[in-house]
Amino acid sequence: MTAADIKALRHAGLDDVAIHDATQIVAYFNYINRVADALGVEREDFIQPWGAL
């Protein structure tokens with residue numbers, strides 16, 4: 001992230017709280033996906049791969 005990224009988010013209508021919340025959510029999913037990968041967690045059968053409909 002750079003100052004230009006924050007400026008673009010603010011230009012899109014996000015305030016500091018929304019930017020903070022989005023950062024926390026993205027960081028959490030990054031973390032939990034790495035944990036799942038490290039533990040060898042497999043996708044459930046009912047979950048379709050991205051782009052497959």
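**Exercise 1.** Which residues form a nonpolar patch on the surface, and about how much accessible area do they have together?

*Solution.* Before starting, note that this is a predicted model, where local features need pLDDT of at least 70, side-chain atom pairs count only at pLDDT 80 or more, and totals for chains, interfaces and linings use all residues. Residues are numbered from 1 along each chain as its sequence is written, and side-chain values use heavy atoms, with hydrogens and water left out.

- Set the rule: patch members have over 30% relative accessible area and no salt bridge, with nonpolar side chains (Val, Leu, Ile, Met, Phe, Trp, Tyr) joined within 5 Å and like charges within 9 Å.
- Areas come from the Shrake-Rupley method with a 1.4 Å probe, and for residues only the protein chains shown count as cover.
- The patch consists of Ile25, Tyr28, Phe29, Tyr31 and Ile32, with about 530 Å² of accessible area together.
- Ile25 sits in helix α2, residues 16–39; helices are DSSP runs (H or I, at least four residues), strands are E runs of at least two, and numbering goes from the N terminus.

**Exercise 2.** Find the aromatic pair and classify its geometry.

*Solution.* Rings of Phe, Tyr and Trp (its six-membered ring) pair if their centres lie within 6.5 Å; planes under 30 degrees apart are stacked, over 60 edge-to-face, and the rest tilted.

- The structure has one such pair.
- Tyr28 and Phe29 make it, at 5.6 Å centre to centre with 75 degrees between the planes, so it's edge-to-face.
- For exposure, buried means under 20% relative accessible area, exposed over 50%, and partly exposed in between (1.4 Å probe, protein chains only).
- Tyr28 is partly exposed because its relative accessible area is 45%, and Phe29 is partly exposed at 46%.

**Exercise 3.** Is Ile19 buried or exposed?

*Solution.* Ile19 belongs to helix α2.

- A relative accessible area of 9% makes Ile19 buried.
- Ile19 and Ile6 are 13 residues apart in sequence and 8.0 Å apart in space, C-alpha to C-alpha.

**Exercise 4.** How does the radius of gyration of the chain compare with the globule rule?

*Solution.* Start from the fold: two helices and zero strands.

- The radius of gyration is 16 Å, well over the 10 Å that the globule rule gives for 53 residues, so the chain is more spread out than a compact globule.
- The radius is taken over C-alpha atoms, and the rule is 2.2 Å times the number of residues to the power 0.38.
- The C-alpha trace spans about 40 × 30 × 15 Å along its principal axes.

Definitions and conventions:
Salt bridge = Lys/Arg side-chain N within 4 Å of Asp/Glu carboxyl O.
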